[in-house]
Amino acid sequence: MASIAIIGPGALGGTIAAWLAQNPGHDITLCVRTPFQSLRVQTPVGELTAIPAIATSANAVQAVDWVIVATKTYDVPSLEPWLQALVGAQTRVAVLQNGVEHVARFASLLPEAVIVPAIADIPASRLAPGEMVQQRLGWIVVPEGQNGADFVALFTHCPVDVSAVRDWTTRAWRKLCLNCAGAVSTLLMRSTGPVWSAEIEAMVRGLVTECVHVGRAEGAYLDDAIVEAVVEGARKAPEGAGNSMYADRLAGRSMELDARNGVIVRLGQKHAIPTPTNALVVALLSGAGSPWIS
Ligand SMILES: NC(=O)c1ccc[n+]([C@@H]2O[C@H](COP(=O)([O-])OP(=O)(O)OC[C@H]3O[C@@H](n4cnc5c(N)ncnc54)[C@H](OP(=O)(O)O)[C@@H]3O)[C@@H](O)[C@H]2O)c1
């Protein structure tokens, strides 16, 4: 039996929470900003429902075995009260977010030894608070070791592919190679495929090539072929195929721009690797805000 608190049960966190709640041995608490009563998730293998404990304040929770953080990266500074209440001597904290800086992002909030970085490829969206659609079963990877093995064990009852891998850094940078290219459709507010041109192709290729160079300097094993694979995917992206940064901009929310492109510029500077294309999209999107707000 494990006590598990999920901070930020939105599209991804709510989906994971519903899967974890299917194990009657788990004691699940959802730490929410916007309250709701229950979880209902449409998955590729049917509907999941659950009525876990729901906490709206850090005063209402206590130390648990596991915390899973599934907020957007830009919301991390607001999590300090939750973490202070939930993290005890035995607690591990899985950070289930995009990007490659899972440990660094929490360095001022948690001891490094308790952080379990997790990368997910589980496309999910939120219809309303507590109501999600999971488009594909997908996967989660964490680093090998005791913490990773214990995290994987939380999911043995569920068909999502959760595994511990030797080279987590490479997996995270491979995902970043895809995510960094999403800045182009976020700038255009259209899918890249229908408006494909030599200039857009050069921009996508530039973003991903820079990501590969910086990722290799950070210790990731990235094949040159990943660049053309991402370019090809962007060339074929049908109208309406967005990404979460595009959706955030459309909704006038903050964007995970720093975690997806800013990080390439910052770590590029550390290794003296030029990253002009990522720097350009960071500058443009930092100043852009919502397309609907003048
Ligand atoms: N969605 C996907 O398909 C997917 C796939 C792979 C990776 N990811 C990554 O997973 C992470 C989460 O993405 P998402 O799409 O699930 O985001 P999301 O739907 O926006 O969910 C984030 C949740 O965090 C909550 N939150 C924010 N600050 C909070 C706080 N201080 N206390 C409690 N809850 C708080 C939000 O509350 P409100 O309800 O008030 O907004 C929301 O429910 C991101 O890093 C994303 O890049 C997402």
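This is a predicted model: local features need pLDDT of at least 70, side-chain atom pairs count only at pLDDT 80 or more; totals for chains, interfaces and linings use all residues.

**Entry 1**

Residues are numbered from 1 along each chain as its sequence is written, and side-chain values use heavy atoms, with hydrogens and water left out.

Back to the strands: β9 and β10 (residues 131–134) run antiparallel, joined by 4 bridges. I looked up the terms: strands are DSSP runs of E, at least two residues, and helices are runs of H or I, at least four, numbered from the N terminus. Two strands pair if DSSP finds at least two bridges between them.

Which order do the strands take in this open sheet of 4? I read β4-β3-β10-β9, with mixed pairing. At the edges are β4 (46–50) and β9 (124–128), each pairing on one side only.

Helix α1 (residues 11–21) packs on this sheet and touches β3 (39–43), β4, β9 and β10. Touching here is contact, meaning heavy atoms within 4.5 Å. The direction of α1 makes about 95° with that of β3. For such angles, axes are lines fitted to C-alpha atoms (for helices over the stretch in contact), and values run from 0 to 180 degrees between N-to-C directions.

**Entry 2: around the ligand**

I found 26 residues around the ligand, and the closest are Leu12, Thr34, Asn98, Arg126 and Glu256. A residue gets in if one of its heavy atoms lies within 4 Å. Both α1 and β9 supply at least two residues each to this shell.

Then I checked polar contacts (here, pairs of N or O atoms within 3.5 Å). A polar side-chain atom of glutamate 256 is 2.6 Å from a ligand oxygen. For arginine 33, a polar side-chain atom lies 2.9 Å from an oxygen of the ligand.

**Entry 3: the sheet of eight**

Another open sheet has 8 strands, ordered β5-β2-β1-β6-β7-β8-β11-β12, with mixed pairing. β5 (53–55) and β12 (161–165) have a single partner strand each, so one side of each has no neighbour in the sheet.

I also followed β8 (residues 115–121) and β11 (residues 139–143), which pair antiparallel over 3 bridges. Isoleucine 119 stands opposite valine 141 in β11. Helix α5 (residues 168–188) lies across β8, β11 and β12, at about 45° to β8.

How values were computed. A polar contact is a pair of N or O atoms within 3.5 Å; within protein, one must be able to donate a hydrogen and the other to accept it, and residues adjacent in sequence count only if both atoms are side-chain atoms.
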